[in-house]
Amino acid sequence: MHKHDLVYLTEDASHDAVIELINEEAFGPGRFTRAAARIREQGPHDRSLSFICADDGETIASVRMTPVLAGSVKGHLLGPLAVRPSHKNQGIGRELVRIAVEAAKRKGSEAVILVGDPPYYGPLGFEKVAYNALAFPGPVDPNRVLVVPIAADIHARLTGTIAWRDAAIPVVVGDRDDDEDLPLTAIAV
């Protein structure tokens with residue numbers, strides 16, 4: 001039996017081609033039509049929060065994190081998460097998710113959001129988002145929209161549109177002090 005020498009590393013540009021191959025194996029050509037892919041094509045993912053797993057020097061899995069504004073929540077969209085068929089069911093995907101979520105927490109993300117299977121992601125700390133609370137740029141099954149809430153009141157604030165945000169521009173959430181019940185708005189400063 002082959003002994004695996006697994007190493008988890010922060011993604012860099014040298015991983016791009018093999019990550020594309022791994023995602024193609026896992027999701028096929030339909031991966032570009034998914035609602036989460038529509039968000040990811042709006043701007044680049046955050047390499048500092050994206051990770052790969054290598055086995056004896058060969059990249060065999062990856063997870064990417066894309067900065068998003070979801071309602072008034074400054075968070076990250078997790079995905080795609082993919083593991084080569086030769087290394088499935090060994091806990092590699094779960095470990096990549098754990099590493100990415102912890103890195104997002106350290107970087108000050110308010111939440112990690114994804115579209116995925118609740119039975120897989122629930123044990124990893126993900127909770128269902130309220131039904132149809134977030135509007136994606138394409139069809140999505142609202143029962144598969146999940147979140148790891150990091151900041152306070154995340155579920156109440158996850159309402160509205162989800163879209164890519166430029167992580168280099170701080171987001172200030174402002175409201176009005178008068179008695180009107182106006183929604184919070186996000187403004188780039």
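Visitor: Which residues line the largest cavity?
Guide: This is a predicted model, so local features need pLDDT of at least 70 and side-chain atom pairs 80 or more, while totals for chains, interfaces and linings use all residues. Residues are numbered from 1 along each chain as its sequence is written, and side-chain values use heavy atoms, with hydrogens and water left out. A cavity here is a set of points on a 1 Å grid over the protein atoms alone where a 1.4 Å probe fits but cannot get out, and lining residues have an atom within 4 Å of a point. That gives V129, A130, N132, A133, L134, F136, V140, P142 and V145.

Visitor: How many residues of that lining are nonpolar?
Guide: Ala, Val, Leu, Ile, Met, Phe, Trp, Tyr, Cys and Pro count as nonpolar, Asp, Glu, Lys and Arg as charged, and the others, Gly among them, as polar. In this lining no residue is charged and 1 is polar. The nonpolar count is 8.

Visitor: Which residues form the aromatic cluster?
Guide: Rings of Phe, Tyr and Trp (its six-membered ring) pair if their centres lie within 6.5 Å, with planes under 30 degrees apart stacked, over 60 edge-to-face and the rest tilted. Y120 and Y121 pair edge-to-face at 4.8 Å and 75°, and Y121 also pairs edge-to-face with F126, at 5.5 Å and 75°. The cluster is Y120, Y121 and F126.

Visitor: Is Y121 buried or exposed?
Guide: Buried means under 20% relative accessible area, exposed over 50% and partly exposed in between (1.4 Å probe, protein chains only). Y120, at 24%, is partly exposed. Y121 has 11% relative accessibility, so Y121 is buried.

Note on methods: 1 Å grid on protein atoms, 1.4 Å probe; cavity = no way out; pocket = protein on both sides within 12 Å on 5 of 7 lines; lining within 4 Å.
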